[in-house]
Every structure is written in C-alpha cells, then in structure tokens.
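Here is my note on the model you asked me to look over. Keep the 3D view open beside it as you read.

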Amino acid sequence: MPMISVSMFPGRTAEQKQALVREVTDAFVRTCGGKAEGVWVTITEIPAEHWASGGTLFSER
C-alpha cells in the first residue's frame with residue numbers, strides 16, 4: 001500500500017483537496033499500477049511561519 005504525503009500552505013477548499021487526492025491517486029495508479037483503493041494520500045497544512053527556504057520564512061517574503 002503506497003502512501004503519498006503532500007505538504008502545503010493552508011487555504012485550499014475541501015473541493016480543491018478532493019480534486020488533488022483524486023488526481024494524485026489516479027497518477028499513481030496510471031504510472032505504477034495497482035488499485036486506487038490501495039493508495040493512501042495525506043495532506044499536511046503547514047503555516048507560512050513554519051516553512052522556510054533559503055534561510056527565509058515564507059511568512060517574511
């Protein structure tokens with residue numbers, strides 16, 4: 001059972017998240033095989049003040 005983890009900033013709607021997990025699941029099944037029921041997707045929402053790149057918090061950009 002594959003598990004796919006997506007980390008992103010908060011702010012997407014439930015409909016956007018549903019579309020995302022559907023597309024990610026379909027892409028996995030299409031490229032790697034298996035059944036959609038066996039693909040797990042988790043979404044972690046990380047506030048901009050808890051995420052940085054290049055030494056700068058995204059909340060400061």
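The points below go through the record, the rings, the surface patch and the charges.

1. **Ground rules.** This is a predicted model, where local features need pLDDT of at least 70, side-chain atom pairs count only at pLDDT 80 or more, and totals for chains, interfaces and linings use all residues. Residues are numbered from 1 along each chain as its sequence is written, and side-chain values use heavy atoms, with hydrogens and water left out.

2. **What the record says.** UniProt, in an unreviewed entry, puts the feature "domain: 4-oxalocrotonate tautomerase-like" at residues 2–60. The record's positions follow the numbering used here, its feature names are shortened, and its annotations may be inferred rather than shown by experiment. Over residues 2–60, the chain is 32% helix and 27% strand, with the end C-alpha atoms 35 Å apart. Helices (H or I, at least four residues) and strands (E, at least two) are DSSP runs, numbered from the N terminus.

3. In the model, Pro-2 is in the segment before β1. Pro-2 is partly exposed, at 25% relative accessible area. For these labels, buried means under 20% relative accessible area, exposed means over 50%, and partly exposed is in between (1.4 Å probe, protein chains only).

4. **The rings.** How many aromatic pairs are there? The count is three. Rings of Phe, Tyr and Trp (its six-membered ring) pair if their centres lie within 6.5 Å; planes under 30 degrees apart are stacked, over 60 edge-to-face, and the rest tilted. Phe-9 and Phe-58 make an edge-to-face pair, 5.3 Å centre to centre with 70 degrees between the planes. Phe-9 is in the loop between β1 (3–8) and α1 (14–32) and Phe-58 is in the segment after β4 (56–57), so this pair ties together parts that are 49 residues apart in sequence.

5. **Phe-58 again.** Trp-51 and Phe-58 are also edge-to-face, at 6.2 Å centre to centre and 80 degrees between the planes. The charged end of Arg-61 sits over the ring of Phe-58, 4.4 Å from its centre. That label needs NZ of Lys or CZ of Arg within 6 Å of the ring centre and within 35 degrees of the ring normal.

6. **The salt bridge.** Side chains of opposite charge can pair when their charged atoms come close. The structure has one salt bridge, meaning a side-chain nitrogen of Lys or Arg within 4 Å of a carboxyl oxygen of Asp or Glu. Which residues form it? Lys-17 and Glu-45 do, their closest N and O atoms being 2.9 Å apart. Lys-17 is in helix α1 and Glu-45 in strand β2, so the pair ties together parts that are 28 residues apart in sequence. Lys-17 is partly exposed at 24%, and Glu-45 is partly exposed at 34%.

7. **Met-8.** Is Met-8 buried or exposed? Met-8, in strand β1, is buried, with a relative accessible area of 11%. Met-8 and Thr-31 are 23 residues apart in sequence and 23 Å apart in space, C-alpha to C-alpha.

8. **The patch.** Met-1, Met-3 and Trp-40 make a nonpolar surface patch of about 410 Å². Patches are made of residues with over 30% relative accessible area and no salt bridge, with like charges joined within 9 Å and nonpolar side chains (Val, Leu, Ile, Met, Phe, Trp, Tyr) within 5 Å. Accessible areas come from the Shrake-Rupley method with a 1.4 Å probe; for residues, only the protein chains shown count as cover. Trp-40 is in strand β2 (residues 40–45) and is partly exposed at 45%.
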